[in-house]
Amino acid sequence: MQEKLKKLEENSVLILSNWWGLGNPGKSKTIITKDKIIYIYTSYYKKTAFLEKNNIPLETLYEMCKLTDDEYNIIIDFIKTEIFNKKYESHMIFDAGYSVSGIYEHKSFKYPNCYDINTKESLYEKTKKFIDSFDKKN
């Protein structure tokens, strides 16, 4: 699964990543590829009673949805206006971390634990809410 995850990340325009250390420590990613597909990845560091009881695997990767050309263009516009054209500052966080990254116009970018300098809004939370709106199962 790690090889497939690596290929998706290399073909991405936007990745939302987070990790946590308490309870059931793990990490997750939402990956939007140039193929106009949103993928969800989750990995837990160790098998816990909660995971076993609820039959949750240590690692999953699945396709959340396929995007239309218009939806993909909306995401590209979001990257241009909400990520590249704003100023962010990174805040130190313990026991968790958040990151917005990707590759756009052949340039890699990564914003870990970042907040808008003017509004103090979390870039990760704003981007996650925006991307979740494309989930066609809702």
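Throughout these views, a residue is called buried when its relative accessible area is under 20%, exposed when over 50%, and partly exposed in between, using a 1.4 Å probe and protein chains only. The model is predicted, so local features need pLDDT of at least 70 and side-chain atom pairs count only at pLDDT 80 or more, while totals for chains, interfaces and linings use all residues. Residues are numbered from 1 along each chain as its sequence is written, and side-chain values use heavy atoms, with hydrogens and water left out.

**View 1. K107 in strand β7.** Let's start with a lysine in β7, the strand of residues 107-112. Helices (H or I, at least four residues) and strands (E, at least two) are DSSP runs, numbered from the N terminus. K107 has a relative accessible area of 57% and is therefore exposed. Its C-alpha atom is 9.8 Å from that of V13, although 94 residues separate K107 and V13 along the chain.

**View 2. Helix α3 by itself.** Helix α3 spans residues 69-84, 16 residues in total. From first C-alpha to last, α3 reaches 21 Å, close to the expected 22 Å at 1.5 Å a residue; the expected span is 1.5 Å times one less than the number of residues. Which residues of α3 are buried? They are E71, Y72, I75, I76, F78, I79, E82 and I83. As a reminder for reading such a list, an α-helix has 3.6 residues a turn, so residues three or four places apart point the same way.

**View 3. Helix α3 against helix α4.** The partner here is α4, residues 123-132, and the two axes come within 12 Å and cross at roughly 165°. Axes are lines fitted to C-alpha atoms, for helices over the stretch in contact, and angles run from 0 to 180 degrees between N-to-C directions. The angle makes α3 roughly antiparallel to α4, a label given to angles over 145 degrees, with under 35 counted as roughly parallel, 65 to 115 as roughly perpendicular and the rest as oblique. On the α3 side, I74, I75, F78, E82 and I83 meet L123, K126, T127, F130 and I131 of α4, where contact means heavy atoms within 4.5 Å. The residues of this contact divide into seven nonpolar, one polar and two charged. Here Ala, Val, Leu, Ile, Met, Phe, Trp, Tyr, Cys and Pro count as nonpolar, Asp, Glu, Lys and Arg as charged, and the others, Gly among them, as polar.

**View 4. K128, also in α4.** K128 belongs to helix α4 and counts as partly exposed at 25% relative accessibility. Setting aside neighbours within four places in sequence, K128 is in contact with L16 and T30. K128 and T30 are 98 residues apart in sequence, yet 8.4 Å apart in space, C-alpha to C-alpha.

**View 5. Two loop lysines with positive phi.** K36 sits in the loop between β2 (26-33) and β3 (37-44). Its phi is near 70°, a positive value in a residue other than glycine, and K36 is partly exposed at 25% relative accessible area. K120 lies in the loop between β8 (114-116) and α4. Phi of K120 is near 65°, again positive in a residue other than glycine, and K120 is partly exposed with a relative accessible area of 48%.

**View 6. C65 in strand β4.** C65 is found in β4, residues 59-66, and is buried at 5% relative accessibility. C65 and K120 are 30 Å apart, C-alpha to C-alpha, and 55 residues apart in sequence.
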